[in-house]
Amino acid sequence: QSTWDRDACGVCFGAPGSCLVSCAGARDACAVCGGNNATCTDCAGVVRGNATFDICGVCTSDGSLAGRSCVVGCDGVLGSGVVWDCRRICGGSNAIDSCGLCFGPNSTTLQPDVHKDRCGVCFGGSRSAD
């Protein structure tokens with residue numbers, strides 16, 4: 001049903017001038033007599049706006065969090081995906097190698113797996129070729 005089929009009172013196919021509802025006060029932007037625009041205001045406070053709450057509970061009109069996480073990154077930004085590295089640097093590039101040790105530009109070990117012996121055993125001594 002389209003709004004073109006309704007009269008001023010919202011009656012479908014109502015006769016012109018048949019609306020007898022009177023309003024002693026002023027109508028708000030939502031056409032509510034004595035209203036305060038609350039019935040047609042979006043979550044951002046904009047009358048007839050298009051902002052809604054997304055899945056994270058954030059009021060948005062541009063879908064800026066679409067497909068993103070609701071987790072706040074270490075940078076304080078919701079959905080940024082920025083995390084702490086193994087040296088507790090927010091957004092850092094240090095990582096854990098296969099021996100379980102932190103390596104990278106801000107670590108004492110610059111390359112991964114430096115603690116593997118020639119047989120590929122972490123902290124192995126290559127004794128008898130492991």
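**Asp85**

I started with Asp85, which is buried (under 20% relative accessible area, with over 50% as exposed and partly exposed in between, 1.4 Å probe, protein chains only) yet has no salt bridge. For a salt bridge I used a side-chain nitrogen of Lys or Arg within 4 Å of a carboxyl oxygen of Asp or Glu. The nearest side chain of opposite charge is Arg87, 6.6 Å away; Lys and Arg count as positive, Asp and Glu as negative, and His and the chain ends are not counted.

This is a predicted model, so local features need pLDDT of at least 70 and side-chain atom pairs count only at pLDDT 80 or more, while totals for chains, interfaces and linings use all residues. Residues are numbered from 1 along each chain as its sequence is written, and side-chain values use heavy atoms, with hydrogens and water left out.

What does the side chain of Asp85 have beside it, then? A polar atom of that side chain lies 2.9 Å from the backbone nitrogen of Arg87. I also found the backbone nitrogen of Ser93, 3.5 Å from a polar atom of the Asp85 side chain. Asp85 itself lies in the loop between E2 and E3; strands (E) are DSSP runs of at least two residues, numbered from the N terminus.

**Trp84**

I looked at Trp84 next, also placed in the loop between E2 and E3. Trp84 has a relative accessible area of 43%, so I logged it as partly exposed. The charged end of Arg88 sits over the Trp84 ring, 4.6 Å from its centre; the test is CZ of Arg (or NZ of Lys) within 6 Å of the ring centre and within 35 degrees of the ring normal. From Trp84 to Asn94, 10 residues apart along the chain, I get 9.2 Å between C-alpha atoms.

**Positive phi**

I checked phi next. Most residues other than glycine have a negative phi. Ala31 has a positive one, near 70°, and is found in the segment before strand E1 (52-53). Ala31 counts as partly exposed because its relative accessibility is 47%. Phe123 is another non-glycine residue with positive phi, near 60°, and its place is in the segment after strand E4 (102-103).

**Confidence**

Last, I looked up pLDDT, the predictor's confidence in each residue, from 0 to 100. The protein chain averages 80, and 75% of the residues score at least 70. Where is confidence lowest and highest in the protein chain? Strand E2 (residues 59-60) is lowest at a mean of 84, and strand E3 (residues 95-96) is highest at 94.

Notes:
Helices (H or I, at least four residues) and strands (E, at least two) are DSSP runs, numbered from the N terminus. A polar contact is a pair of N or O atoms within 3.5 Å; within protein, one must be able to donate a hydrogen and the other to accept it, and residues adjacent in sequence count only if both atoms are side-chain atoms.
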